[in-house]
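Subject: The structure you asked about

Hi,

My notes on it follow below.

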Amino acid sequence: MEIRRDVFQAIADPTRRAILNLVAIQAMTPGTIAENFDSSRQTISKHIKILTECDLLEQQQNGREIYYYINAKKIKEVADFIEPFRKMWDDRFNKLEDIMKNYKPKN
């Protein structure tokens with residue numbers, strides 16, 4: 001039985017976001033990814049596994065090496081889901097900024 005993990009819990013972790021940023025530039029092996037962190041390779045492998053289970057990373061076998069690369073389609077799905085909320089908060093902060101510009105403190 002395949003475990004289905006929550007994408008938003010996966011991207012909530014700063015290490016996993018950093019891994020996504022790395023493999024967005026180019027496909028990498030787990031060892032190459034791990035070299036960019038102070039954590040053990042085993043810890044980074046667990047992060048990679050979670051990202052793979054969420055379909056945020058895909059893997060490709062090339063000889064004896066496994067390369068991980070970003071699943072742009074899944075990232076776009078997440079971005080599309082978040083976009084209305086981003087717009088809502090931008091509007092709210094812009095309104096707050098307008099209010100603060102017109103605010104005059106009492107003397």
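Helices (H or I, at least four residues) and strands (E, at least two) are DSSP runs, numbered from the N terminus.

Two things about where the numbers come from. This is a predicted model, where local features need pLDDT of at least 70 and side-chain atom pairs count only at pLDDT 80 or more, while totals for chains, interfaces and linings use all residues. Residues are numbered from 1 along each chain as its sequence is written, and side-chain values use heavy atoms, with hydrogens and water left out.

**Helix H2**

Let's start with H2, which covers residues 14–25. Its 12 residues reach 17 Å from the first C-alpha to the last, close to the 16 Å expected at 1.5 Å a residue (the expected span is 1.5 Å times one less than the number of residues). Which of its residues are buried? They are Arg16, Ile19, Leu20, Leu22 and Val23. Look down the axis of H2 and these buried residues fall within an arc of 165°, so they line one face of the helix. That arc is taken from the directions from the helix axis to the C-beta atoms. On the face turned away from the buried side you'll find the exposed residues Pro14, Asn21 and Ile25.

What covers the buried residues of H2? The cover includes the helices H1 (7–12), H3 (30–34), H4 (41–53) and H5 (72–102), along with the strands S1 (57–62) and S2 (65–70). At the N-terminal end of H2 there is a cap: a side-chain oxygen of Asp13 lies 2.8 Å from the backbone nitrogen of Thr15.

**The core**

A nonpolar core is a set of buried Ala, Val, Leu, Ile, Met, Phe, Trp, Tyr and Cys residues joined through side-chain atoms within 4.5 Å. The largest one here has 20 residues, and those with the most contacts inside it are Ile19, Ile33, Ile44, Ile48, Leu51, Leu56 and Leu57. H1, H2, H3 and H4 are the elements that give two or more residues to this core.

Ile19, in helix H2, counts as buried because its relative accessibility is 0%. Contact here means heavy atoms within 4.5 Å. Leaving aside neighbours within four places in sequence, Ile19 is in contact with Ile33, Phe37, Ile44, His47, Ile48, Leu51 and Leu57.

Have a look at His47 in helix H4. His47 has 12% relative accessibility, so it counts as buried. A polar contact of 3.0 Å joins its side chain to that of Arg16. (A polar contact is a pair of N or O atoms within 3.5 Å; within protein, one must be able to donate a hydrogen and the other to accept it, and residues adjacent in sequence count only if both atoms are side-chain atoms.)

Tyr68 sits in strand S2 and is buried, at 10% relative accessibility. Its side chain makes a polar contact of 2.9 Å with the side chain of Gln59. Beyond four places in sequence, the residues Tyr68 touches include Val23, Ile33, Ile48 and Thr52.

Asn71, in the loop between S2 and H5, is buried too, at 12%. Its side chain is joined to that of Glu58 by a polar contact of 3.1 Å.

Where is the kink in H5? There is one of about 35° at Ile82, shortly before the proline Pro84. The bend at a residue is the angle between axes fitted to the seven residues ending there and the seven starting there. H5 has 31 residues and reaches 43 Å from first C-alpha to last, close to the 45 Å expected.

The other is Asp55, in the loop between H4 and S1. Most residues other than glycine have a negative phi. Asp55 is not a glycine, yet has a positive phi of about 65°. At 32% relative accessibility, Asp55 counts as partly exposed.

Cheers

Methods
Buried means under 20% relative accessible area, exposed over 50%, partly exposed in between (1.4 Å probe, protein chains only).
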